[in-house]
Amino acid sequence: MGPSFSTDSSQVSTKLTIWESSLPMLVNHSAEPLPSPDGFFTTYNKEATHFRLHLQLPSARLLRHAFLLAEANNVRDNRGQILSTFGTVLKMDSTKKVVKKLSGEGHCSAEWLTSIGNEYSQIVTFVLTCEESTEKLEPMCRGVMERFRLANQPVPSILYVDRGCCRAQGPTAVETLFWSWVDSGTVVRLDIFHWIHRFDAAVRTESHSKYAVFKSALAGAVLAYNRADLELLIKAVRAKDPTALNAVTDEDVVRLFISREQLKRHVRRVTQGAQVMFRLTDLAIEELKGPAGLDKSGVSLFKTPAAIDEMWAAQQRHLECIQDPPDINMYRVARTTTINKVHVPYYKCLRGNNSLEGFHKALPNMIPESTPHRLSTASTPAAGSCSERLLMSPLMSCSGWNTCLARVQENRASFLLRTL
Ligand SMILES: [Zn+2]
């Protein structure tokens with residue numbers, strides 16, 4: 001397969017150089033040496049001549065450089081792919097793990113990658129910054145709001161964050177960053193599992209035997225299962241052997257025959273309201289502060305009663321901002337499946353930052369170990385400016401991720417159409 005060419009003469013020249021340099025080594029060992037271009041590829045061509053006698057593949061580093069030079073030509077397309085991605089339930093999250101993979105000129109010039117995802121787990125925008133501050137994030141937030149406006153997209157209904165949601169007085173950090181959307185009706189919500197995770201600071205250790213009970217009680221205080229969905233799932237499970245399961249209670253069917261994964265996929269959950277949540281959380285904490293919170297050695301789950309009381313008092317501020325907004329469906333039906341010949345919806349939850357955090361975990365694996373610091377030489381015009389080179393790896397990864405997810409959505413849509 002030959003190289004692709006752009007209309008830009010400098011880029012064509014660079015790509016031809018890569019192609020021609022590779023050609024004698026990989027294909028035509030008897031060919032006359034090609035004219036040597038300047039810089040990096042001059043050295044490479046000398047090596048290529050030598051390789052004709054000793055057949056060897058180029059190093060992984062050289063192949064990576066050639067690949068990234070070729071990809072530099074696709075930056076505009078990758079950027080356009082991300083800039084044409086919108087959404088109604090957005091999530092914002094930051095990570096340090098991605099930037100640790102970057103080296104070359106950009107090394108140590110950025111600490112954080114902050115991105116905004118949508119309800120389909122696609123990336124709407126991202127930015128590399130040296131700190132996770134309002135000042136540094138403001139240009140990205142201003143840009144994405146302007147993009148939605150220019151594209152005549154409705155303002156998002158919800159924005160999930162893991163910090164900066166509530167403040168005793170005045171506008172919060174997130175409200176300041178997204179003031180235009182908040183003014184137009186976007187509600188800011190704290191990710192529920194971040195709220196639950198914060199209680200860990202008052203827990204002695206996660207390996208305590210009562211830790212799982214406490215976490216389960218907190219999750220149960222915040223979210224309740226949809227009764228109609230649960231009854232349908234119980235009916236589907238009973239259909240496997242109606243006679244034998246007739247004597248089993250619904251509670252035991254759930255406990256013995258339904259997995260956590262089935263509950264997650266086929267039963268929607270709703271937030272219970274601030275008052276119910278307060279009562280159930282308070283009850284669980286008071287119970288576990290006593291003998292119920294001791295392990296077999298008599299060690300308490302909580303560091304001290306004062307520590308959990310202090311944490312609970314701080315967490316009460318967020319009771320309202322972890323509630324689902326009214327009139328917004330927090331689930332979509334991804335597909336319909338059958339369990340024992342009973343049709344059951346397969347739900348995809350739109351709530352929270354989970355999908356974006358999953359992307360942040362996967363992203364470091366998509367970035368090569370070493371970024372192309374040699375692309376800074378003057379002989380590689382296709383590589384662009386320093387900031388473009390630093391952004392290239394995450395840009396390629398985000399664009400590829402979005403394209404993949406778009407194909408999944410198309411396949412699901414065609415599957416649903418076929419089943420109608
Ligand atoms: Zn809050």
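Leaving aside neighbours within four places in sequence, Thr 271 touches Ile 192, Val 222, Leu 223, Ile 322, Gln 323 and Asp 324. Bear in mind that this is a predicted model. Thr 271 sits in strand E7, which covers residues 269-271. Its relative accessibility is 16%, so Thr 271 counts as buried, the cut-off being under 20%.

| Partner of the Thr 271 side chain | Distance |
|---|---|
| Gln 323, side chain | 3.4 Å |

Now for the helices. H14 (residues 274-289) and H15 (residues 305-315) have axes that come within 11 Å and cross at roughly 170°. That angle is over 145 degrees, so H14 is roughly antiparallel to H15. On the H14 side, the contact is made by Phe 278, Thr 281, Asp 282, Ile 285 and Lys 289, while H15 brings in Pro 305, Ile 308, Asp 309 and Trp 312. Sorted by class, that contact of H14 with H15 has 5 nonpolar, 1 polar and 3 charged residues.

Then there's the sheet. It is open, with 5 strands in the order E3-E2-E1-E4-E5 and mixed pairing. E3 (123-129) and E5 (187-190) are the edge strands, each pairing on one side only. On average, neighbouring strands here are turned by 20° against each other, ignoring direction. Within the sheet, E1 (residues 89-95) and E4 (residues 158-161) run parallel and are joined by 3 bridges; Lys 91 stands opposite Tyr 160 in E4. Helix H5 (residues 134-150) lies across E1, E2 (112-117) and E3, and runs at about 160° to E3.

Conventions: Residues numbered from 1 in each chain as written. Predicted model: local features only at pLDDT ≥ 70, side-chain atom pairs only at ≥ 80, totals over all residues. Heavy atoms only, no water. Axes fitted to C-alpha atoms, helices over the stretch in contact; angles between N-to-C directions. Helix = DSSP H or I, 4+ residues; strand = E, 2+ residues; numbered from the N terminus. Parallel < 35°, antiparallel > 145°, perpendicular 65-115°, else oblique. Contact = heavy atoms within 4.5 Å. Nonpolar A, V, L, I, M, F, W, Y, C, P; charged D, E, K, R; others polar. Buried < 20%, exposed > 50% of the residue type's maximum accessible area, 1.4 Å probe, protein only. Polar contact = N/O pair within 3.5 Å; in protein donor to acceptor, adjacent residues only side chain to side chain. Pairing = 2+ DSSP bridges.
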